[in-house]
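Please read it alongside the sequence and coordinates.

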Amino acid sequence: MKKILITGGAGFIGSHLVRLFVHKYPDYFITNLDALTYAGNLENLTDIENSPNYTFVKGDITDESFVEALFEEKKFDAVIHLAAESHVDRSILDPMSFVKTNVLGTGVLLNAAKKNWTDLTNKLFYHVSTDEVYGSLGEVGFFTETTPYDPRSPYSASKAASDHLVRAYHHTYNLPVVVSNCSNNYGSHQFPEKLLPLMINNIVHSKPLPVYGKGENVRDWLWVEDHARAIDVIFHKGITGETYNIGGFNEWKNIDIVHLLCRIMDKKLNRAEGESEKLITYVKDRAGHDKRYAIDATKLENELGWSPSLQFEEGLDKTIDWYLANETWISRITSGSYKQYYDQQYTKR
Ligand code: NAD
Ligand code: TYD
């Protein structure tokens, strides 16, 4: 039985990945290590919490003695590392927590793997990262696996540092690693601080829709379950030491996405056409706001045979339906510290 540690499995992408692995690989044993920060939520995994090939461990990846003891006890064969502070706006408010979790935490996990894996056969440290490490694109071009790193927010800088550490452990200690850098994800269970769930939630409650700057910034959107499928493919077929970019060639200007959401939701909520669009409010731009991200995922498609399964409109439709059907999930999340964050971020912006 393969013993796999997934970190950050109670978060957005991690919970989709845990669910996929628990269902698809009954002969693997999955340990989900998560500190349950504001972004971690065990409600995301109630459907699989009693599966015989799954266990949850609450803990902080920056706690060195705890992580090392866990490695000694569980004898992991592989790590898929997703735990992170993940939101750019929060990294602007509090950069040090990003340095701590994303840089130090990754270092602690790498060290524990290095110490425990005296025999490196059939071992793998898979690091899940972001396209934001490559910086910001102009009107044309794509990020490829060889694009030089140019991170520009505290979030992307901390992820870039963690990517470098992972590759350094490969080159220096032969630790078997693989890294993937993915574009913006959307789908169910995403914390409503990110663009899509925030806008969906605000449309439901007829609250202002805060578009940063002129809404001209471009992001490349991928359905979260397609990201989880890509991680599965790379985990099993990827070449050690390699990097794979993940994306769906699906670029959208923020303002166009917000308009699209408004149109779809007017219909779903039986509102008059154009009603939700009246909520659009242009607010002060994000500091250092990256203009455009766009991923070239040709390597992953050609070498490992992955491609996205869903068109954006279909994925968006499923996502909106999930949020509309899970009002209790979202209202529990937005009733805690979220309110304080929201006020700090958006009041008088
Ligand atoms: P998320 O914020 O939804 O989840 C992060 C999880 O990590 C949470 O469950 C949280 O409790 C946990 N965590 C945070 N600090 C921890 C710590 N110190 N110890 C243990 N657990 C801790 O994030 P997400 O959007 O699911 O992103 C997951 C990973 O994927 C991150 O590494 C992120 O950089 C990367 N990524 C995200 C996207 C995206 O669009 N969301 C795109 C590409 C890559
Ligand atoms: P976000 O979901 O935070 O992802 P990232 O910054 O990591 O790409 O933001 C996506 C885009 O949406 C980004 O260009 C910033 C913009 N944005 C808004 O215009 N308003 C908002 O309230 C948020 C959260 C984001």
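A residue counts as near a molecule if one of its heavy atoms lies within 4 Å of it. By that criterion, 20 residues surround ligand 2, and the closest are E132, R219, R286, H289 and Y346. The model is predicted, with local features needing pLDDT of at least 70, side-chain atom pairs counting only at pLDDT 80 or more, and totals for chains, interfaces and linings using all residues. Residues are numbered from 1 along each chain as written, chains are lettered from A and ligands numbered from 1 in written order, and side-chain values use heavy atoms, without hydrogens or water.

- Polar contacts here are pairs of N or O atoms within 3.5 Å.
- An oxygen atom of ligand 2 lies 2.5 Å from a side-chain N or O atom of R286.
- For the side chain of R219, the distance from an N or O atom to a ligand 2 oxygen is 2.7 Å.
- Y212 contributes a polar backbone atom, 2.9 Å from an oxygen of ligand 2.
- Of the 510 Å² of accessible area that ligand 2 has on its own (Shrake-Rupley method, 1.4 Å probe), the protein covers 98%.

**T147**
- T147 sits in the loop between β5 (124-130) and α5 (154-173); helices (H or I, at least four residues) and strands (E, at least two) are DSSP runs, numbered from the N terminus.
- A polar side-chain atom of T147 is 2.8 Å from the backbone nitrogen of T144.
- Leaving out residues up to four places away in sequence, T147 touches Y134 and F142 (heavy atoms within 4.5 Å).

Methods: A polar contact is a pair of N or O atoms within 3.5 Å; within protein, one must be able to donate a hydrogen and the other to accept it, and residues adjacent in sequence count only if both atoms are side-chain atoms.
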